[in-house]
Amino acid sequence: MKYLLMICGDESAEEYADAGCGGWTEEMTERGVIAGGAGLRPPREATTVRVRDEELRITDGPFAETKEQIGGFVLIDCGDLDEAIEIAAKHPAAGYGTIEIRPVLEFPPT
Amino acid sequence: MTFEEVYRQEWGQVVATLIRLTGDWELAEECAQEAFAAALERWPRDGVPRKPGAWLTTTARNRAIDWLRREAVGAAKLKEVAAMSDEPEPAYDVPDDRLRLMFTCCHPALAMEARVALTLRTLAGLSTAEIARAFLVPEATMSKRLTRAKQKIQYAGIPYRVPPAHLLPERTPAVLAVLYLLFNEGYSDVVRSNLSGEAIRLARLLVQLMPDEPEACGLLALMLLHDARRDTRLSADGVLVTLDEQDRTRWDHVQITEGVELLEATLARGAPGPYQVQAAIAACHATARTAADTDWPQIAALYGQLKQTPVIALNRAVAIGMADGPAVGLRLLEQLAAGPLTGYHLLPATRADFLRRLGRYSEAATAYREARELASTEAERRYLTRRLQEVSQ
């Protein structure tokens with residue numbers, strides 16, 4: 001199953017931006033569960049796009065005014081949610097921020 | 001055995017086996033439903049089969065095979081169907097199936113309310129309407145909640161299994177917490193009392209399936225010991241009867257003996273945990289011949305072993321007050337007063353009782369009034385009113 005790990009933190013998490021992942025990426029790459037991912041620029045550099053009634057609305061900043069924002073994401077491919085939890089828990093960001101695990105929409109083979 | 005008893009006993013097993021065979025929760029429940037309907041029709045005519053559970057599982061499995069054939073779902077699924085048809089005896093006595101189901105229903109990735117509802121539906125076989133009634137929500141709401149939980153299990157990839165050994169210490173408390181929550185829902189409310197029975201039944205099953213889990217035994221003992229006093233907690237006219245005034249001859253002494261023996265065997269294994277400690281406290285109360293015989297110093301010491309949440313601290317203060325006198329208890333309560341217990345009716349109620357014991361009636365009356373304002377049930381309000389009248393005379 002494919003899961004998106006959304007790595008979130010509040011502003012203080014920025015100090016970890018260049019910290020790397022302490023060997024997590026290497027370990028998970030070797031294990032063959034990484035299917036993509038990247039770190040992100042901070043939320044203040046985000047642009048939000050919505051189309052309502054055929055009208056394009058562009059706003060500055062992230063859509064949700066929550067304290068924690070996505071700072072990076074990793075796409076993983078693993079057996080089940082328990083394995084995804086285990087992988088996410090090993091990520092250093094789990095220690096200072098939060099990691100949201102979202103299953104990727106998968107369509108049945110036709 | 002009545003049909004109702006067979007249903008309660010076998011439902012979880014049939015559903016669990018069908019989920020394992022088909023991997024489809026909705027289908028599993030539907031086929032189980034149909035199997036029980038078929039039993040209701042045939043057993044009165046043909047007699048109850050020697051192994052009712054196996055009969056029900058076979059019937060449900062055949063329904064599933066029929067359904068999958070009709071749907072003709074892909075080669076892979078058909079192959080599984082064939083394998084299912086080849087199984088001479090249904091794998092009925094795989095004890096793991098129900099345990100697996102229990103852990104899946106109580107997976108920490110599900111919301112607590114979903115865990116409870118799902119456990120009641122799939123393991124205890126309560127209908128959606130019954131669960132909705134128990135939790136005072138409309139049936140449609142409960143139905144949606146159950147559907148969402150099952151969808152999350154499917155789409156989020158929550159595994160249908162007993163977690164591996166290294167995850168057990170982390171996951172077992174979730175299962176125990178769900179069962180204890182179920183029990184308490186039923187214990188504090190006459191209307192939902194059947195939930196306590198279901199919780200005890202499921203805990204018995206858990207103990208049978210995980211005999212090496214001391215805290216499961218501790219929880220079962222705790223629930224048996226509390227439940228033994230159920231019938232004496234309210235008077236005929238609906239007034240709360242506190243422990244010291246309950247008619248001890250009406251306690252269920254068979255259940256108390258079972259709870260105590262279970263607890264002693266469990267404690268002997270030397271792996272105490274909070275459920276075992278709470279059961280030990282309940283055992284102190286349950287085995288005291290009279291209220292005056294209660295071993296309060298022992299109870300106070302046991303409360304000291306538990307994690308000191310505000311409510312535990314309050315209970316500990318009560319026990320110390322009972323052991324060392326109301327003046328000591330009152331001093332301990334003062335330290336708790338300004339904390340997170342503000343608004344909790346048992347804090348002023350306890351203070352009132354200590355003040356009453358000290359003969360400080362007018363202060364006691366004020367505290368009883370405060371407690372009555374905060375009390376959440378009618379039975380408690382009536383009890384507090386009675387006490388208030390006593391100290392006001």
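1. On a 1 Å grid over the protein atoms alone, a cavity is a set of points where a 1.4 Å probe fits but cannot get out, while a pocket is an open set with protein on both sides within 12 Å along at least five of seven lines; lining residues have an atom within 4 Å of a point. Grid points are joined across faces, edges and corners, and a volume is the space filled by probe spheres set on the points.

2. The model is predicted: local features need pLDDT of at least 70 and side-chain atom pairs count only at pLDDT 80 or more, whereas totals for chains, interfaces and linings use all residues. Residues are numbered from 1 along each chain as its sequence is written, chains are lettered from A and ligands numbered from 1 in the order in which they are written, and side-chain values use heavy atoms, with hydrogens and water left out.

3. The volume of the largest cavity is about 60 Å³. Its lining includes D82(A), F103(B), H107(B) and R161(B). Helix α9 (residues 168-187) of chain B supplies the largest share, 3 residues; helices (H or I, at least four residues) and strands (E, at least two) are DSSP runs, numbered from the N terminus. The lining comprises 7 nonpolar, 1 polar and 3 charged residues, where Ala, Val, Leu, Ile, Met, Phe, Trp, Tyr, Cys and Pro count as nonpolar, Asp, Glu, Lys and Arg as charged, and the others, Gly among them, as polar.

4. The second largest pocket has a volume of about 900 Å³. Of its 39 lining residues, A17(A), L40(A), I70(A), G71(A) and G72(A) are the closest to the centre. β5(A) contributes the most to this lining, with 6 residues. By class, 21 lining residues are nonpolar, 11 polar and 7 charged.

5. In chain B, helices α15 (residues 310-324) and α16 (residues 326-337) pack at about 160°, their axes 6 Å apart; axes are lines fitted to C-alpha atoms, for helices over the stretch in contact, and angles run from 0 to 180 degrees between N-to-C directions. α15(B) is therefore roughly antiparallel to α16(B) (under 35 degrees is roughly parallel, over 145 roughly antiparallel, 65 to 115 roughly perpendicular, the rest oblique).

6. In chain A, α1 (residues 24-31) and α2 (residues 81-90) pack at about 150°, with axes 10 Å apart. W24(A), E27(A), M28(A) and R31(A) of α1(A) meet E83(A), E86(A), I87(A) and K90(A) of α2(A), contact meaning heavy atoms within 4.5 Å. This contact has 3 nonpolar, no polar and 5 charged residues.
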